[in-house]
Amino acid sequence: MQVNPRPLQGAWDDGRVLDRHVSSSEFIGYNEYGHPQFDSTRTEVGEFLYRLKYRGDQAAVGPIAQAACDFVRSWNPGVDVIVPASPSRNRAVQPLFLIADELGRLLGLPVDKTSVRKTKATPELKNVDYAQRVELLREAHDLEGDKLRGRRVLLLDDLYQSGATMNALTHLLKELGGASAVFAFALTKTGN
């Protein structure tokens with residue numbers, strides 16, 4: 001899978017994203033409900049992620065995880081545990097957890113899906129500005145247990161928009177969880 005990694009700036013020790021989610025998008029008008037419509041072309045990883053999240057195509061997990069594994073090995077942040085971000089939607093099967101499990105298997109790392117937990121429901125954040133996101137995420141997560149103290153965490157998310165979620169989780173992991181380092185890693189990113 002072709003990827004175009006880029007750095008991510010934030011509260012973490014270092015951060016990277018595999019690629020943009022969309023490579024091009026053209027406004028084509030409004031639908032009958034007044035919502036803007038776009039003709040978008042996704043990057044390769046963006047397309048696989050879209051198929052997994054919105055079409056339920058679990059065959060996309062393997063290629064995404066392999067591309068992520070190849071990149072993490074070349075990046076070499078020296079992590080010892082993978083912590084996926086808490087999902088914003090309740091689904092029977094959480095796509096990010098599937099990817100995290102496969103990435104952990106490929107890298108030979110444990111995946112901790114239980115230490116970070118949501119303490120309050122938050123709406124989907126994709127149409128919310130940064131200041132509102134920060135406010136909505138305030139005290140939205142908590143840490144259970146002490147398993148991440150002293151650990152070097154790969155904080156994994158599928159889609160990076162503003163960084164509000166990953167920044168909130170990084171502060172939580174370091175300040176409350178005692179993680180020795182947090183490395184943010186997103187599969188795709190909106191915008192440039």
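Predicted model: local features only at pLDDT ≥ 70, side-chain atom pairs only at ≥ 80, totals over all residues.
In which hand does H2 pass H3: left-handed or right-handed?

H2 passes H3 in a right-handed crossing. H2 covers residues 61-75 and H3 covers residues 95-107. Their axes lie 9 Å apart, and the packing angle is about 50°. Angles under 35 degrees would count as roughly parallel, and 65 to 115 as roughly perpendicular. The pair therefore counts as oblique, H2 to H3.

Next, the residues in that contact. On the H2 side they are Val61, Ile64, Ala65, Gln66, Ala68, Cys69, Val72 and Arg73. From H3 come Leu98, Ile99, Glu102, Leu103, Leu106 and Leu107. Sorted by class, this contact has eleven nonpolar residues, one polar and two charged.

H2 also packs against H1. Here the angle is about 135°, again with axes 9 Å apart. H1 is thus oblique to H2. The crossing of H1 past H2 is left-handed. Phe48, Leu49 and Leu52 in H1 meet Val61, Pro63 and Ile64 in H2. That contact has six nonpolar residues, no polar and no charged.

Now the chain as a whole. It has five helices and nine strands. Read from the N terminus, the order is β-β-β-β-α-α-β-α-β-α-β-β-α-β. Of the 192 residues, 43% are buried. Take the contacts between residues at least 6 apart in sequence: 70% of them join residues at least 24 apart.

What is in the largest nonpolar core? It has 49 residues, and Leu154, Leu173, Phe185 and Leu187 have the most contacts inside it. Elements that each supply at least two of its residues include strand S2 (14-20), helix H1 (44-55), strand S8 (152-160), helix H5 (164-176) and strand S9 (181-189). H2 gives the largest share, nine residues.

Leaving aside residues up to four places away in sequence, Leu187 touches Val17, Leu18, Asp19, Val45, Leu49, Ile64, Ala68, Ile99, Leu156, Asp157 and Asp158.

Terms used
Residues numbered from 1 in each chain as written. Heavy atoms only, no water. Axes fitted to C-alpha atoms, helices over the stretch in contact; angles between N-to-C directions. Helix = DSSP H or I, 4+ residues; strand = E, 2+ residues; numbered from the N terminus. Parallel < 35°, antiparallel > 145°, perpendicular 65-115°, else oblique. Left-handed = near helix turned anticlockwise from the far one by under 90°. Contact = heavy atoms within 4.5 Å. Nonpolar A, V, L, I, M, F, W, Y, C, P; charged D, E, K, R; others polar. Core = buried A, V, L, I, M, F, W, Y, C linked by side-chain atoms within 4.5 Å. Buried < 20%, exposed > 50% of the residue type's maximum accessible area, 1.4 Å probe, protein only.
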